[in-house]
Amino acid sequence: MDEAVRARLAAAIERLRRVAPDVAWVAPGNLHLTLKFLGQVAPARLDASAAALEGTVRGAAAFDAAVVGLGAFPTVTRPRVIWAGVSEGAPALSGVAARVDAALAALGFPPEARPFSPHVTLGRVRVAGHAPRLADLLGAAAYQDFGRMRVERVVLMESRLSRGGPRYSERASVRLG
C-alpha cells in the first residue's frame, strides 16, 4: 500500500479511536486490501496456492486505485467492520479478486458466497451495538479522499495471531502485467 495513503488512513483511525474504544483497530503497518481470505492453510498447500496465484494474475494489468470514504459493514449505525472504500480501480480489483477466487476454488478452497466489495479494513467492533458518535464520524468522512495507489502485485500473506495483534508475513508475491 502507498505510504501516503497508509498515513492518511492511520490518521483517520486515530480520530475514530477517540469515540470508539471497543474497536480492535488495525495497526497502520497491517493495512491492506484483501482479495480472498483463505483461513487455516496446511503448509503443503501453500506452494500450490502460490502457483495458482502466479498462473491467474500474471496476465492482469497493473492499475491505479483510489481509496475514498469511510463506512461500515453491515451499516454505519450498527457497525461490525469499519472500512475505507475503493472508488477508482474497484472494477479492476473485483476482476482480479474473481480470478483469484476461481483459481483457488480449483484447489478446493470454498468460493466466495458474497459479492466482492473492495475495501481496506480499519477495525473490527468487539461488542456489537448502536454507536451514534462513530456513525456521525463515518458519515462525515463518507467521501473523504485518502489518495491513490498503484496496484502492481498480489501477495499471498500469512497471518499469525499474537497478543499484540496479528503478525503478517509474505509467502509469495506475483507482479501484475
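Helix H1 takes in residues 3-17, and its 15 residues reach 21 Å from first C-alpha to last, close to the 21 Å expected at 1.5 Å a residue (the expected span being 1.5 Å times one less than the number of residues). Helices here are DSSP runs of H or I with at least four residues, strands are E runs of at least two, and both are numbered from the N terminus. The model is a predicted one, so local features need pLDDT of at least 70 and side-chain atom pairs count only at pLDDT 80 or more, while totals for chains, interfaces and linings use all residues. Residues are numbered from 1 along each chain as its sequence is written, and side-chain values use heavy atoms, with hydrogens and water left out.

Which residues of H1 are buried? They are Val5, Arg6, Leu9, Ala10, Ala12, Ile13 and Leu16, where buried means under 20% relative accessible area, exposed over 50% and partly exposed in between, with a 1.4 Å probe and protein chains only. Seen down the helix axis, these buried residues fall within an arc of 160°, so they line one face of H1; the arc is that of the directions from the axis to the C-beta atoms. As background, an α-helix has 3.6 residues a turn, so residues three or four places apart point the same way. The cover over the buried residues of H1 includes strands E1 (23-25), E2 (63-74), E3 (79-86), E4 (119-125) and E5 (145-151), along with helix H4 (132-140); contact means heavy atoms within 4.5 Å.

Going through the pairs, E1 and E4 share three antiparallel bridges, and Ala24 stands opposite Arg124 in E4. E3 and E4 pair in the antiparallel sense over five bridges, with Val81 opposite Arg124 in E4. E2 and E3 pair over six antiparallel bridges and form a hairpin with four residues between them; Val67 stands opposite Val86 in E3. Seven of the eight residues of E3 are buried, so E3 is largely enclosed by the rest of the structure.

Thr121, in strand E4, counts as buried at 17% relative accessibility. Its side chain makes a polar contact with the side chain of His119 at 3.3 Å; such a contact is a pair of N or O atoms within 3.5 Å, where within protein one must be able to donate a hydrogen and the other to accept it, and residues adjacent in sequence count only if both atoms are side-chain atoms. Neighbours within four places in sequence aside, Thr121 is in contact with Val26, Leu31, His32, Val81, Ile82 and Trp83. Thr56 lies in helix H2 (residues 43-57) and is buried, with a relative accessible area of 13%. With neighbours within four places in sequence again left out, Thr56 is in contact with Arg99, Val100 and Ala103.

Methods: Two strands pair if DSSP finds at least two bridges between them.
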